[in-house]
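Biologist: Can you take me through this model? I'd like to start with the aromatics.

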Amino acid sequence: MKKALNIAFIILGIASLIFIGIMIFIGTAMGYNAENYDFSKPQMSKTDTITTKRMLFVFHTEIAKPIMVYELFITDNDSITKYSYRNLENEGKHMEFSYHKVSKQLTFAFDKFILSDNVNYQNKEIHKSNFGIYILKDPYDDATGPLLFNPEYGVLGIGNSYGPEFVYLPNSNLELTKDVINELYK
């Protein structure tokens with residue numbers, strides 16, 4: 001009887017350790033970091049949306065064709081900012097980008113872009129802040145890139161060695177597009 005009771009306590013102890021281990025695993029797997037938690041106020045997932053107009057210039061050659069009007073929706077939450085470019089005339093021409101704040105990576109389609117070490121581009125006529133040059137994290141032959149981007153403005157320019165280049169401006173100033181295209185390929 002005493003031997004059976006000892007075995008029961010051992011099994012109960014092992015089960016308790018397994019239960020505690022599972023709870024610790026679940027707690028850490030959820031990714032909740034108590035170090036950065038502000039206990040003085042309730043935490044809610046904050047999402048802000050900004051809407052603005054952009055003109056898209058598409059360059060197949062040195063002349064921009066077509067020039068399209070887009071609405072840009074910037075949706076910002078704690079870890080990711082999404083940039084949804086909505087073509088006002090053709091849903092098939094929408095573009096989506098995601099900026100991951102912690103890793104500072106930009107995602108377009110299935111490609112991930114990282115900030116290069118090249119000098120930033122700045123043009124006060126377009127935006128007050130600098131634009132970083134983002135290059136493919138894992139390059140391949142016919143890939144899109146480089147990109148000019150800053151988190152406040154969104155995407156300014158998209159290079160493409162095998163296809164058209166794109167420039168998103170807040171207005172229809174064609175002269176600014178040449179400067180942006182030149183910056184993409186420095």
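**Aromatic pairs, barrel and pocket**

Modeller: Searching the whole structure gives 9 aromatic pairs (Phe, Tyr or six-membered Trp rings with centres within 6.5 Å; planes under 30 degrees apart are stacked, over 60 edge-to-face, the rest tilted). One is Tyr-121 with Phe-131, a tilted pair at 6.4 Å centre to centre and 40 degrees between the planes. Both residues lie in the loop between β6 and β7, so the pair ties together parts 10 residues apart in sequence.

Modeller: This is a predicted model, where local features need pLDDT of at least 70 and side-chain atom pairs 80 or more, while totals for chains, interfaces and linings use all residues. Numbering starts from 1 along each chain as its sequence is written, and side-chain values use heavy atoms, without hydrogens and water.

Biologist: How many strands are in the barrel?

Modeller: The closed barrel has 10 strands, β1 through β10 in order, with antiparallel pairing (strands are DSSP E runs of at least two residues, helices H or I runs of at least four, numbered from the N terminus; a pair needs at least two DSSP bridges).

Biologist: How many bridges join β5 to β6?

Modeller: There are 3 between β5 (residues 105–108) and β6 (residues 111–115), and Leu-106 stands opposite Phe-113 in β6.

Biologist: Switching topic, which helix gives the most to the lining of the largest pocket?

Modeller: Helix α2 (residues 174–184), with 3 residues. By class, the lining has 2 nonpolar, 3 polar and 3 charged residues (nonpolar: Ala, Val, Leu, Ile, Met, Phe, Trp, Tyr, Cys, Pro; charged: Asp, Glu, Lys, Arg; polar: the others, Gly among them). A pocket is an open set of 1 Å grid points, over the protein atoms alone, where a 1.4 Å probe fits, with protein on both sides within 12 Å along at least five of seven lines; lining residues have an atom within 4 Å of a point.
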